[in-house]
Structure formats: C-alpha cells, structure tokens
Amino acid sequence: MPELLRAATAHLAPVVPLLTELGELFAAAGHELALVGGPVRDAFLGRVSPDLDFTTSASPDESLAVLKPWADAHWDMGREFGTVGVRRGDLTVEVTTYRADAYDGQTRKPVVAFGDNLEDDLVRRDFTVNAMALRLPSMEFVDPHDGLADLATRTLRTPGTPEVSFGDDPLRMMRAARFAAQLGVAVAPEVRSAMEQMAGSIEIVSAERVRDELTKLLLAPTPRPGLRLLVETGLADHVLPELPALKLEIDEHHRHKDVYEHSLTVLDQAIALEGPADGPPESVPGPDLWLRLAALLHDIGKPATRRFEEGGGVSFHHHEVVGAKLASKRLKALRFDKDTVKAVARLTELHLRFHGYGDGQWTDSAVRRYITDAGPLLPRLHRLTRSDSTTRNARKAARLSSTYDALEVRIAALQEAEELAAVRPELNGNEIAEVLGIRPGPVLGRAYSFLLEVRLDQGPIGHDAAVAALRRWWADQPESAPRTDAD
C-alpha cells in the first residue's frame, strides 16, 4: 500500500519538521521515538488528529532530560504511567515510555509495566488500527498487526486475542463502541463475542472513565452504531441500563412504538438540528452533549409507567417526571457534573409540555411559563421537542411542525416585547417590604413568588397595579390580621 503511505505522509506534512526534530533529539541521546496510535490512523483516514502521541524507549526521566532544553515548560503529572509533557510556544507534546496497562481483575486502578521495544508496545494496544506507528526521524512505517488492512476494510480487531486485550483494560470494550460511532468501523466477530462474554468486567472500571468514553461516543458524528453495540453486547446493561430497558415487549396488536428505536431516531434527528460548531448559542452549536443526552434519555420513564388500558390502549402517565428523576440518578452515578445532570433532567421533564399546546390554545400566560420554565435551555428544548416527532404519517408530522413553528413565533414576539429571559416581579424585595411593612423572611419570599405568578399570568401591569394586587393578596394572609392582647 505505498500509495496510502505516501498520502498519509503528505497529510502529516505540516508537522513533519517537528517529528523529524524530536526524532533526531531522542536518537542523539540513544533512544527510540515513534509517532503512534490515533495520529497515524487519522493520517491514513485523511483526518486531522487533535493530538500527537509519541512513544519511546526512554524512561520518563530520560525523556525529560531530552525535552527540557528544547521546551519552554514541562510537567510530569503522568510520570507514574510513563508520560511526560512539554510545551514550546503554542505546541504541546506528550511522550510515553513503552508500556502496558493491566488490571488485577479486582480493582479499578491499572497496574503499569514499562516495556523496552516498540513491537511489544504495539501488541498491547487496544486495536490494530491504533497499533500502527512511524519511527522517527526515519518515518519508517511499522504495522505488525495489519492495522492498515483493517482500516481499509473498516474492521475493528485487537492485536492479540480480544479476551486478553479486554482483560488488560475492560474499558477497551467501550472504546470499540466509540470507534464504531467515530470511524464507522464494524467489530470483528471474535471481538463482539469477547465483548458479550466479558461485558460484566466493565464494572471494575471507574465511573469517570466510563463517563468519558460514553461522552466521546455521544459526541461522535453518528452515535447510533456505537449505542447499538453497547446494547447488543450487554455492556449497556452495566453502564446505561435504562437504554436496553426501552426495548419494551411489543404487544401483539402493536399498540405503541418501539421506544428503544424511537429514542435512537430522536437522537439522530436532534443531531441534525444542531447548529454549526461556530454558530451562536441560540443555534445550539454541535456537537451538544446536553441535547444528545436528553434526546437519548427523554423516554426512560416509560418502562416504569407503562399501563395497558381498557379498550386496548397503552399509557405512560407522568413518564416525563419519572424519566427526569431516572436521568438525574444515572448521570450522577456516572459522575457527570451538576450542570449537565440538572440540564438533562430538566429537558426530560419538559419534553412533553408542548403537547398541551393543541392547535394554539395556550394563553400568553402559558407561553410565558414555557419560556421561563425552560430558561436558557429553551433553544435545546425547541430541538428536542421537534426531534420527538418520529411519526411516519407525513400529514401528522407536517401539522406538528407547523404548530411548533407558530409557537416559536409567539415566543419570539413575547420575548421581544417583555424581555422574558430576565423576567422579574414588578416590585423588588425592598419595595415589597415597604408596601407590606414587613421584614425580610419567608413571608416576603411568598409575596415575591405571588408577584412573579402575577407577572407570568398577566404580563407587565405596571407599578401601581402590582402594588394593588400585592395588597389584595396580603389582605387574605393570616400574617396581615391585626394582633390583639389575646393573641
């Protein structure tokens, strides 16, 4: 495959001077250096790799000795794993000693062993397409496990037996699903079989590492193949059990949709509605993790709420509320940050709200509440709601889309007229306290909430009308009654 090698080298042309310079530095010190893994693979795919990964025969201390005179700054936070990093100008370089990561089968922390040659390092890597290297500075291509041939056929295999590879690091099974989503590869039969047999071993891996792989999968151009692989091999039963649980048993009369397939389709449609990566926030620039998680998880409350009704119907009452709680619980277990947990749960809770809109019967008050309840998530809620229509009935789909178009027009008009993004009562806390003659505390908080409800229900009514409404409310409160000696 000389043509492919020439094409890959040409793709690396912008960094060839750097590769040559570093290779010569290490060679002069008596060490080997190679570009390895993702950057090599991506060069053959004609893709730009965000990182340059190097591996070397040098120990971490020896690598630092070579790199310190060349670099502006250095760090060794990954020293125990054999990795050191340096920065020169805007360029960051990380170099790792030939190594092997393995688990003892009981704990979640890898046991690190350093190697002494490139071939042994490559055989311990996750997949053959990532076990290719370029020796530096000679640019000699090293591919002992036919990774280039597998890349050409879009096949994912392990350099050694998959059982050994996944035993060394069970997270590699999730990486297989991620590569299915990122690269469009299909796992080899023996790899799939090992994933099925060893799926339970993923539980020794930390939640943070699982979360990071799941995030990379979801942010891939086409997450669906990777998610299918997680479900079909049983991995999802351990890392995201709510997803396979959506494969509800279809009753003989087909009285409801396949919720699992529906959710994957909603995810596809939500991705299609993301804005360009450099677009404004209101376009929801893609890839957007919050939107994608919400699209995938929005119906996870259905299994717990499914009821077969008299007459042959099926209901899922309040599945959005149950689903929001389940989404929050799962994302917390996966150690997602608080903002992500809160946003995805909120989108899940709100995803059905639009269906009460009918043919436009909402009052302006209801539209205001839709806006304020969504808050800054409103652009994502727009896309989630639109994506949730997966009907094959073209007329029904067109009607739903048209109705939501009309709602967005009303939302835009109200936002422009009333600045609903920062809606507040027409009296602030100090003014409320002055009108009622009360001190800050729970009663003032209730008064503030009352005026906020007035603002949402009636829109801007002016200062005087707000004072009058507040006084009428206060007259009905027990705290407003005059106190007597008997009290």
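Helix 16 meets helix 17 through Glu320, Gly323, Ala324, Ala327, Ser328, Leu331 and Lys332. Their partners in helix 17 are Thr340, Val341, Val344, Ala345, Thr348 and Glu349. Contact here means heavy atoms within 4.5 Å. By class, the contact of helix 16 with helix 17 has 6 nonpolar, 4 polar and 3 charged residues. Ala, Val, Leu, Ile, Met, Phe, Trp, Tyr, Cys and Pro count as nonpolar, Asp, Glu, Lys and Arg as charged, and the others, Gly among them, as polar. An α-helix has 3.6 residues a turn, so residues three or four places apart point the same way.

Now the geometry of this pair. Helix 16 spans residues 319-333 and helix 17 spans residues 338-350. Their axes come within 8 Å and cross at roughly 160 degrees. That makes helix 16 roughly antiparallel to helix 17. The label covers angles over 145 degrees; under 35 counts as roughly parallel, 65 to 115 as roughly perpendicular and the rest as oblique. Axes are lines fitted to C-alpha atoms, for helices over the stretch in contact, and angles run from 0 to 180 degrees between N-to-C directions. Helix 16 passes helix 17 in a right-handed crossing, meaning the near helix is turned clockwise from the far one by less than a right angle.

A word on the basis. This is a predicted model: local features need pLDDT of at least 70, side-chain atom pairs count only at pLDDT 80 or more, and totals for chains, interfaces and linings use all residues. Residues are numbered from 1 along each chain as its sequence is written, and side-chain values use heavy atoms, with hydrogens and water left out.

Step back to the whole chain. The protein has 23 helices and 13 strands. Both are DSSP runs, numbered from the N terminus: helices are H or I with at least four residues, strands E with at least two. The radius of gyration is 29 Å, whereas a compact globule of 487 residues would have one near 23 Å. That radius is taken over C-alpha atoms, and the globule rule is 2.2 Å times the number of residues to the power 0.38. Along the principal axes, the C-alpha atoms fill a box of roughly 95 × 60 × 45 Å. Buried residues make up 47% of the 487. Buried means under 20% relative accessible area, exposed over 50%, partly exposed in between (1.4 Å probe, protein chains only). Among contacts between residues at least 6 apart in sequence, 64% join residues at least 24 apart.

His318 is exposed, with a relative accessible area of 56%. Thr305 touches His318, and also Ser315, Phe316, His317, His319 and Val322, not counting residues up to four places away in sequence. Thr305 lies in helix 15 (residues 302-305). At 9% relative accessibility, Thr305 counts as buried.

Helix 3 (residues 38-45) has 7 of its 8 residues buried, so it is largely enclosed by the rest of the structure. Gly46 follows helix 3, with a positive phi near 75 degrees.

Two cis peptide bonds close the tour. One joins Leu136 and Pro137, with omega about 10 degrees. Pro137 is in the loop between strand 8 (133-136) and strand 9 (140-142). Another joins Gly286 and Pro287, with omega about -5 degrees. Pro287 is in the loop between helix 13 (259-272) and helix 14 (289-297).
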